[in-house]
Amino acid sequence: MSIARQLSKYREYHHDHRNVLTHAIGIPMIVLGITILLSRPALEIGDFAITPAVVAGVLASLWYLRLDLGTGLIMAGLLALFVVVGYLIAQDSAATWLGGGIAMFIVGWVFQLVGHKFEGRKPAFVDDLRSFLVGPLFVVVEGLFALGLMKDLRRQVEG
């Protein structure tokens, strides 16, 4: 399925500007929360640590790259940043690792649910589990649209 089709399907659940705004806050928090939680255990190989977050980030990046090279590169870069930040947070105490990861995850979902209350519609993942991957892409692409970028894709998505 094309990037335009994926984003169009996701957009069907996200028309209210307040919902889109809550997603712009909540989705990054959820992704960071998951990344923090998946940053342990770590298999140290020289100066590099392989964690479940690294594996998940690579797999998600491959999906984004397969969907669209340009946005895939942006998503891969952002996921790499989240993996590094998550790993750094996870290196602190167990309380910081678990508490921080769980708190980010829960607060992010509160934002999501409030947004869908504004929208008056259930979250997209209820109908399509791919929405868990499309959501972060949607937030990034909406930001690019707001900057006046990717006009052709915007027309296809909003068409």
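A residue counts as buried under 20% relative accessible area, as exposed over 50%, and as partly exposed in between. Keep that scale in mind for this predicted model. Phe125 has 27% relative accessibility, so Phe125 is partly exposed. Trp63 and Tyr64, by contrast, are both buried.

The model has six aromatic pairs. Trp63 and Tyr64 form one of them. Their ring centres are 5.5 Å apart, and the planes stand at 70°. That pair is edge-to-face.

Next, look at Trp109 and Phe125. Their ring centres lie 5.5 Å apart, with 80° between the planes, so this pair is edge-to-face. Trp109 sits in helix H5, which covers residues 94–119. Phe125 lies in the loop between H5 and H6. The two residues are 16 residues apart, and their pair links distant parts of the chain. Trp109 and Phe125 also belong to a cluster.

Now turn to the helices. Two packed helices are described by the angle between their axes and by the distance between the axes. Helix H6 spans residues 131–146.

Helix H4 runs over residues 69–90. The axes of H4 and H6 come within 11 Å and cross at roughly 115°. Angles of 65 to 115 degrees count as roughly perpendicular, and H4 and H6 are therefore roughly perpendicular to each other. Their crossing is right-handed. On the H4 side, the contact involves Thr71, Ile74, Met75 and Leu78. They meet Pro136, Leu137, Val140, Val141 and Leu144 in H6. By class, this contact has eight nonpolar residues, one polar residue and no charged residues.

Helix H2 takes in residues 17–37. The axes of H2 and H6 come within 9 Å and cross at roughly 125°. H2 and H6 are therefore oblique to each other. This crossing is left-handed. From H2, Val20, His23, Ala24, Ile27 and Val31 take part. Their partners in H6 are Gly135, Pro136, Phe138, Val139 and Glu142. The contact of H2 with H6 divides into seven nonpolar residues, two polar and one charged.

Notes: Residues are numbered from 1 along each chain as its sequence is written. This is a predicted model: local features need pLDDT of at least 70, side-chain atom pairs count only at pLDDT 80 or more; totals for chains, interfaces and linings use all residues. Side-chain values use heavy atoms; hydrogens and water are left out. Axes are lines fitted to C-alpha atoms, for helices over the stretch in contact, and angles run from 0 to 180 degrees between N-to-C directions. Helices (H or I, at least four residues) and strands (E, at least two) are DSSP runs, numbered from the N terminus. Angles under 35 degrees count as roughly parallel, over 145 as roughly antiparallel, 65 to 115 as roughly perpendicular and the rest as oblique. A crossing is left-handed if the near helix is turned anticlockwise from the far one by less than a right angle, and right-handed if clockwise. Contact means heavy atoms within 4.5 Å. Ala, Val, Leu, Ile, Met, Phe, Trp, Tyr, Cys and Pro count as nonpolar, Asp, Glu, Lys and Arg as charged, and the others, Gly among them, as polar. Rings of Phe, Tyr and Trp (its six-membered ring) pair if their centres lie within 6.5 Å; planes under 30 degrees apart count as stacked, over 60 as edge-to-face and the rest as tilted. Buried means under 20% relative accessible area, exposed over 50%, partly exposed in between (1.4 Å probe, protein chains only).
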